[in-house]
Each structure stands twice: as C-alpha cells, then as structure tokens.
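Let's take a walk through a protein model together. Have a look at the structure below, and keep it in view as you read.

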Amino acid sequence: LNLIVALFDILHKLAAAWDDRKLYIGTGTGVKTFTGHTNYIRSLISVGSDSIVSASEDGTARLWDTVKGKTLKVYSLGDTWGNGTIIKLGGDKIVSTSPNRDGQIKVFDIESGECIKKIEQSSVQCIAASNNGKHFLTSRGYSFMSDTVITQWDGDTYEQVQTYPERADFLVVVDDDLFVSAAASLVKRKGTDEGYPILWDIASTNRVRTFNIKGFPVTSMCRRNDTSFLVASCNEEMTGGTVCVDMFKVDQSDAIKSLKIHESKFIFYPGEIRCDYLTCVGDDRVVSTIGQSAFLWEISSGTLIHTFRGHSSSINDIIFLPEQMSIATVSDDLTLKVWPILDQNSNLDGDVDVDDVPKTGDLENQSSSDGQ
C-alpha cells in the first residue's frame, strides 16, 4: 500500500510539473529583490509612485523606496499581528488588521510612522477601503466567539458606522457607493447564495444583486475599474483542475467575460489548482498567482502573455505599480520582488532598461542598521 501511495505521489508531481512547463513563457530580466523582513511577508500596498509598504509576521511593516532600494520607515504592527492585512486609507494613512483573537485594527500615519489609532476588533479576516478614503470595511472570520458581519468604519473618526449581515473572506470596493463581498464557502447549499459574490449598497446596507460565478468556491477577487471587477474560483468537477476567472459589471448578474486558466487534466482533487491572488493591469490584462509563480493574461483573448518566476516559496500578495509598469509580489521566502511588465510584442527574455536602479544582487546583499 505504501508503494502504491508513493508511486501515485510521484506520478501526481510529474503531471503537475508537465502542466507547469506548458505555462512557462519566460521570466525576463531586471527583477529587483528586497530583503529585510525576518518572517513570512503577508501583505503589500502601494503608497506612492515609487513607494510600497510590506507587512510581515515579524510584527513590522516596511516602507520601501523601490528606486533606491532602501527601507525608509518601519512600522510596529505588534506581536499579535500574525498573518494580517494592510490597506492604504486616503493619501496619508495605512490600516492594519489581524485575524488573531487578541489582534487589533491599527491606523498609522505614513510619513511619521506613528500609530494614531487602535481599535479593539479581533479576528478580522479581510479589509477594503473606499477610493476617497472616507470609509473602510472589515469582516471578521467565522468564529463561535465573534459576530460574522461586515462592518463599515468612518475614515476620519475611525468610529463604527454600520454593519451588513454577511460573513466575508473577500471584500472589494468597486466605487465609493458599492462594494462586493464573498465567502470562501466550500459547500454549495441549494436555495442559498452562500459563497457567491454579493453586491451591496454602502449607504443603505441593502443587497443589490448576487453574481453567478462559473466555478466554486471563490478564491480571490480584484477591482478592475469603477464599474467592474474580477472573481477567481476553482472548478467544480471531481477530476481535472481549472481556475475560472469571471469579469462582472456591477449592473449585471452574469459574467461579461469568462476565462479558464491553469487547466490541468492530471490533478485529481477539486481546488488543488487555485488562484490565491489577482490584480488587474489596465483594463485588458490581469495577473494571477499560483504557488511560487505569477502569470500575466490578456483578458479579451485568454492568452498567457508572461510568466514571473523567482520566488522559492508561496506568493502571499501581489499589486500593480502603474507608474513603474511593474508588479510587486511578497512571499514566504522573506523577499519582496518588483517585476517589470514587458510589452507582449517584445522579447520576454531580453534585457530591461533599469538605469539608475540597483541590481538585484546589490539589494539582496545590502546590510545596514536601517534594515536595507
């Protein structure tokens, strides 16, 4: 029996490697790597044209200058932060949340690094902010010890405004009046919309509509623009592995575009291939992550444009940096990487112009008291 299990495991890994080989298109050059965190890096946000903030299980968040490769500031998230999340609130603040029972919501001033507000709200599973910074939303993870509602907070006073009677593992604010929630439900329940994306009117707390995704369950969501968003989900079949990416407009329950990506006929369990993170690159491209790699897709054609490889452990977050025409990723390998996005008609394995930017080795090998 052990021999059969071992043989099955070997065949399974070979099949997965074959599927991954088919996805490879080239990583290109000019990747910048930042080190300094001492534990898994869980969350990432852009706070300026050349500034990003990463948050780690080492209890700190770091403000990076992506051009000079320097740590500009370190924020203390606390030992209870765990694998929480950070977001940008308005133009000058960041908010951190923790999924732990003894965690807190903390608001920091970006420039000074000072924690200007602490909110006693534990077990926060996800968070999202409005584009104008007037409010933000949180949802607590499922627990017998806590409520399971979505909470709206005032972006200036940090006081609770109102709640929405739904649990959410994913939140996306589409515009300043609407947001989408979804729970990572593993079981479809007939007669309910549990696990499906739901559109909410922020002011009235009313449900507007439920969206019909092609797969199940939801594994990630991202905002595309003021009227549309994308949802990634697993396939529902017992054999094969497929990631479904559906594009929705807020005024339609059915997807206006659906893609099937990362397809495999060799994966024997549903959900084994899953897209953990999505980020839009303009209106017609999206980046998905699976494990240690990220993939750039053209939405209109479903074509794989580019593969980003270089992390040695799972990617935990990804963002698009439009001013630099790059994406940034953070990983369990304790690194933050910035990857240039090449035009799909250019040589994907060719050189990238990175004049005045320290090379990857320079950034990795720097060591000083400020944690560069």
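What follows is a short tour of a surface patch and some salt bridges.

First, the ground rules: this is a predicted model, where local features need pLDDT of at least 70, side-chain atom pairs count only at pLDDT 80 or more, and totals for chains, interfaces and linings use all residues. Residues are numbered from 1 along each chain as its sequence is written, and side-chain values use heavy atoms, with hydrogens and water left out.

Now find helix H1, residues 2-23, where Leu 11 sits (helices are DSSP runs of H or I, at least four residues, and strands are runs of E, at least two, both numbered from the N terminus). Together with Leu 7, Ile 10 and Leu 14, Leu 11 makes a nonpolar surface patch of about 410 Å².

On to charges. Side chains of opposite charge can pair when their charged atoms come close. A salt bridge here means a side-chain nitrogen of Lys or Arg within 4 Å of a carboxyl oxygen of Asp or Glu, and the whole structure has 5 of them. One joins Asp 332 and Arg 42, at 3.5 Å from N to O. Asp 332 is in the loop between strands S27 and S28 while Arg 42 is in strand S2, so this pair ties together parts 290 residues apart in sequence.

Another salt bridge pairs Glu 166 with Arg 207, at 2.5 Å from N to O. Glu 166 lies in the loop between strands S13 and S14, and Arg 207 lies in strand S17, 41 residues apart.

Terms used
Patch = residues over 30% accessible without salt bridge, like charges linked within 9 Å, V, L, I, M, F, W, Y side chains within 5 Å. Areas by Shrake-Rupley, 256 points an atom, 1.4 Å probe, with all protein chains shown as cover.
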